[in-house]
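Trainee: I would like to learn how to read a structure like this one. Could we look at it together?

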Amino acid sequence: MRWLAGAVLLGLSLVSAGCGASDGAGRGPVVVGGAASLAEPLSAFAEEYELRHPETDVQVEFAGSDAIAAKIRQGVGIDVFVSASVELAEALHGEGLTAPPVSIAGNTLVVAAPHDSPVEAIDDLDDPGVRLAIGNPHVPVGAYARIALSLVGDAFAIRAMENVRTNELDARGIVGKVSQGAVDAGVMYRTDAAGLGSAVLVVPFAPEDQPAIRYAAALVTDPRPSLDAGEVMDELTGDSGRRFFGNRGFTAP
Amino acid sequence: MGLSVRLDTPLPAFALRIDERVDHGVVAVVGPSGAGKSSVLEMIAGLRRAASGAVVNDGEAWLDTDRGINRPPQTRRVGYLFQDLALFPHLSALENVAWGVPGSRRQRRARAMELLERFGTGALSARRADRLSGGERRRVALARALGRDPQVLLLDEPLGGLDAASRRTAIDELGTAVDAVSGPTLLVTHDFADAVDLADEVAVMEQGRIVQRGTPYELGASPASRFVASLVGANTVTGHAARRPDGLTAVRLSSGTELVSADPGAGEVVASIFPADIALAREGPGGSALNAVAATVTGVATLGPRTRVGLRVPEALIAEITTVSARRLDLRVGGPVTAVWKATATVLVAAG
Amino acid sequence: MSRYREAAFATALVVALSATLLFLLLPVVAIFTQAGPGELIGSLARPEARDALEVSLRSAAIAMAIILTVGTPAAYLLATRNFPGRELVITAIELPIVLPPAVAGIGLLAAFGPRGALGEPLSSLGLSIPLTSTAVVLAMVFVSAPLHVRQAQAAFAAVDPRLRQASHTLGATEFRWFTRAALPLATPGLGAGATLALGRSLGEFGATLMFAGSLQGVTQTLPLAIFETFTTDFTAALGLGALLVAVSGALLLTVKLLGGGIGPQRAPGYAAAGVRAAD
């Protein structure tokens with residue numbers, strides 16, 4: 001069996017050499033894995049960072065924060081984790097996978113409804129027959145939605161949850177279902193709803209019903225981070241990095 | 001009564017243009033591959049479109065392009081034996097035969113069984129077609145072709161690729177099928193010998209046209225062209241004919257060799273001599289009514305009692321003699337010999 | 001010299017096959033070595049897994065019924081008739097094979113969504129397709145039907161046209177020929193097409209997510225459940241993955257056995273080559 005493992009490894013190293021996955025000098029790209037709701041600010045940040053640091057290649061990939069966390073747990077080459085949930089980032093830190101997380105921005109939760117929808121207020125979400133899209137319980141946007149609905153009222157939350165037609169994998173999925181009119185309403189971040197423009201009616205949850213939404217960034221330490229990754233992390237959490245969030249409607253951490 | 005076929009339709013290399021009647025009996029269309037023979041069968045059966053023409057059987061138009069008639073193959077009562085037999089490989093012999101039989105399921109099975117037994121294959125009725133031997137498949141295919149009680153039987157190369165032993169059996173089986181059909185049988189073959197064994201009448205096809213039609217004997221005795229002469233198996237050589245004082249015709253070949261024929265002729269002609277009419281001798285006998293031509297042996301092939309001898313006079317000829325004679329002459333390749341035949345055996349055909 | 005070359009070539013062929021097999025089997029084997037029978041049974045005990053399995057099997061069964069009953073005759077027509085634009089039609093049918101799942105999802109929304117091309121007539125009938133079990137089936141049909149149609153077309157085209165002519169001269173209708181001869185003769189190829197389509201249906205993920213969403217017991221298929229579980233519980237996801245591999249493998253094997261796809265008579269060329277190689 002050992003020759004077999006050897007053959008597989010040899011083959012894989014040939015493939016990765018061909019693809020330039022490792023250039024031997026230890027200066028690979030810095031991969032930032034971010035919550036789907038951060039697609040816009042993180043892309044803008046990476047673009048500007050590369051302008052100022054032409055020697056560094058910053059790659060950004062987006063998914064539900066839970067999916068990125070799962071990848072980090074599997075050791076899939078992500079260097080900087082930007083989570084929509086501080087708890088999730090703390091959990092990874094607790095598992096010894098990342099450095100302590102740093103809060104970088106906040107957000108609020110809204111209900112977005114297409115204009116022809118029967119939903120005009122939060123109260124309408126539990127009306128019979130309303131079709132609702134939220135995130136699944138593992139992805140932060142879904143966990144926040146469940147908190148917000150129960151803050152409105154427990155009985156209300158149970159009835160509203162019965163109207164759920166899809167538990168999306170990430171924040172973008174909810175946006176897509178609302179923009180296509182596939183549902184009557186979706187529970188999403190304010191920043192995502194803003195991206196839908198005037199095509200939807202946006203109703204924020206009342207301040208007392210808002211869950212605490214905090215984004216946190218953490219440097220992945222297992223495997224050991226590169227110098228470049230540390231620099232990206234520093235800039236992202238510094239003043240210049242936070243600018244990208246404040247500009248786009250995110251709240252202060 | 002009978003089948004009349006008039007077709008005028010372009011094929012890739014030439015136009016198919018025939019106008020023939022077949023009243024009864026078996027007519028063989030003979031010609032080289034690619035002469036358009038199979039297309040004729042397909043157009044009669046409705047498997048291939050004819051640009052223009054008419055196929056009328058017993059006064060019933062199956063095809064008449066002038067009147068816009070082109071009946072689908074299902075309504076043309078033909079029994080078609082395909083060259084590759086085209087049995088349904090996944091069905092039993094019985095199911096194959098029953099495919100074309102009309103009536104209730106029971107009637108169809110009974111009739112199919114009866115047909116299989118007529119060809120001695122009743123015991124194979126349950127066997128899948130792809131598990132049958134070549135001979136068994138042919139019998140089942142013949143039984144199947146008779147299943148819908150056809151008015152015309154069409155056979156495509158029915159003896160193609162058979163060895164000498166199976167050939168005799170196949171000829172008998174085909175005879176059984178022909179007798180079972182009320183109307184005429186049309187078969188196509190590239191081999192004149194097949195036509196001789198199976199057909200009452202032969203139509204020779206060349207480049208989409210029937211160039212001569214007659215009994216096998218008539219074709220051999222007076223071929224209409226060099227093509228027909230060589231198709232029926234005769235040697236053909238070209239030469240210049242001139243009348244001799246004794247009333248016979250002299251044919252001077254380009255090599256200078258002179259043949260004599262009892263046929264009248266003048267100018268460019270083709271002389272046709274059957275191999276079996278040529279005898280071989282060590283020395284030429286006298287006699288002006290005889291051809292006696294000095295030749296060189298180029299090859300000797302013995303098949304049982306008959307031996308075919310290749311000759312050069314210097315034009316190439318083939319003689320077919322008894323093996324006994326061949327032994328007696330002690331023929332050697334390259335050795336000299338004299339080819340001898342009667343003037344009446346040299347048939348003259350107009351050149352061209 | 002040429003003997004060496006022949007030997008080297010034969011070795012290269014064996015190495016290529018071994019590498020292919022190794023690479024394709026490794027991830028599958030890894031699922032089972034990391035998720036033992038315990039995880040497999042454990043994953044079946046989870047209600048969301050059972051729901052997802054049921055949604056997957058039920059939707060795939062309906063999708064296959066649609067694909068086979070509509071796609072098979074369509075493939076027969078394409079294989080046996082020539083008509084103007086036939087090549088275009090074939091290309092159009094094959095197009096979904098090369099479409100990324102995201103495009104398939106968007107396309108289905110654009111066609112059947114409330115804002116889509118058929119949105120008005122559908123909603124006037126009181127029908128809303130996205131995020132329903134119908135949407136799951138439609139997504140499966142859209143991505144899998146081309147695989148079956150393509151394979152079925154090749155299978156029908158491979159049936160000797162002489163046999164059809166023979167059937168016609170024997171007076172049989174086209175319907176009889178199709179049902180009693182063309183279908184049985186094309187069965188191995190049809191089975192292969194159905195196998196591919198079924199595998200693709202069971203594995204469908206992207207278009208389903210976009211068009212049908214993900215709701216346990218309604219639209220959440222096994223692949224969606226695997227992805228959702230993967231984010232929180234890798235071991236459980238492995239268990240679900242093993243379940244999907246086992247179910248798909250068993251279904252594919254069944255279809256192949258029923259369709260005669262596996263059997264010694266199917267590969268005479270290989271058998272002969274094997275005999276020679278053993279000399």
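Trainee: Which residue stands opposite A:Ala185 in β8(A)?

Mentor: That is A:Leu132. Before we go on, a word on the ground rules: residues are numbered from 1 along each chain as its sequence is written, and chains are lettered from A and ligands numbered from 1 in the order in which they are written. This is a predicted model, where local features need pLDDT of at least 70, side-chain atom pairs count only at pLDDT 80 or more, and totals for chains, interfaces and linings use all residues.

Trainee: Which strands pair with β8(A)?

Mentor: Here is the general idea. Strands of a sheet pair through backbone hydrogen bonds, either parallel or antiparallel. Strands (E, at least two residues) and helices (H or I, at least four) are DSSP runs numbered from the N terminus, and two strands pair if DSSP finds at least two bridges between them. In this model, strand β6 (residues 132-135) of chain A runs parallel to β8(A), with two bridges joining them. Strand β5 (residues 109-114) of chain A pairs with β8(A) in the antiparallel sense over four bridges, and there A:Val110 stands opposite A:Met188.

Trainee: Is β8(A) mostly covered or exposed?

Mentor: For that we count neighbours. A residue is buried if 20 or more other C-beta atoms lie within 10 Å of its own, exposed if 12 or fewer, and partly exposed in between, with C-beta atoms placed from the backbone. Strand β8 (residues 185-189) of chain A is mostly covered, with five of its five residues buried.

Trainee: How many residues are in the largest nonpolar core?

Mentor: A nonpolar core is a set of buried Ala, Val, Leu, Ile, Met, Phe, Trp, Tyr and Cys residues joined through C-beta atoms within 7 Å. The largest one has 247 residues, and A:Val80, A:Phe81, B:Leu154, B:Ala339 and C:Ala139 have the most contacts inside it. Helix α7 (residues 133-157) of chain C gives this core its largest share, 15 residues. Two residues are in contact if their C-beta atoms, placed from the backbone, lie within 7 Å. Leaving out residues up to four places away in sequence, A:Val80 touches several residues, including A:Val30, A:Ala217 and A:Leu236.

Trainee: Which way do the residues of β9(B) point?

Mentor: In a regular strand the side chains alternate between the two faces of the sheet. In β9(B), B:Thr185, B:Leu187 and B:Thr189 point one way, B:Leu186 and B:Val188 the other way, and all are buried. Strand β9 (residues 185-189) of chain B is largely enclosed by the rest of the structure, because five of its five residues are buried. Its parallel partners include β3 (residues 26-30) of chain B, over five bridges, and β8 (residues 152-156) of chain B, over four bridges. B:Leu187 has B:Ala28 opposite in one pairing and B:Leu155 opposite in the other.

Trainee: Which chains have the most contacts between them?

Mentor: Among the two pairs of chains that touch, chains A and C have the most contacts. There, 20 residues of chain C meet 23 residues of chain A. α11(C) gives the most to chain C's side, with three residues. Chains B and C touch too, through 16 residues of chain B and 15 residues of chain C. No contact joins chain A and chain B, and their closest C-alpha atoms lie 46 Å apart.
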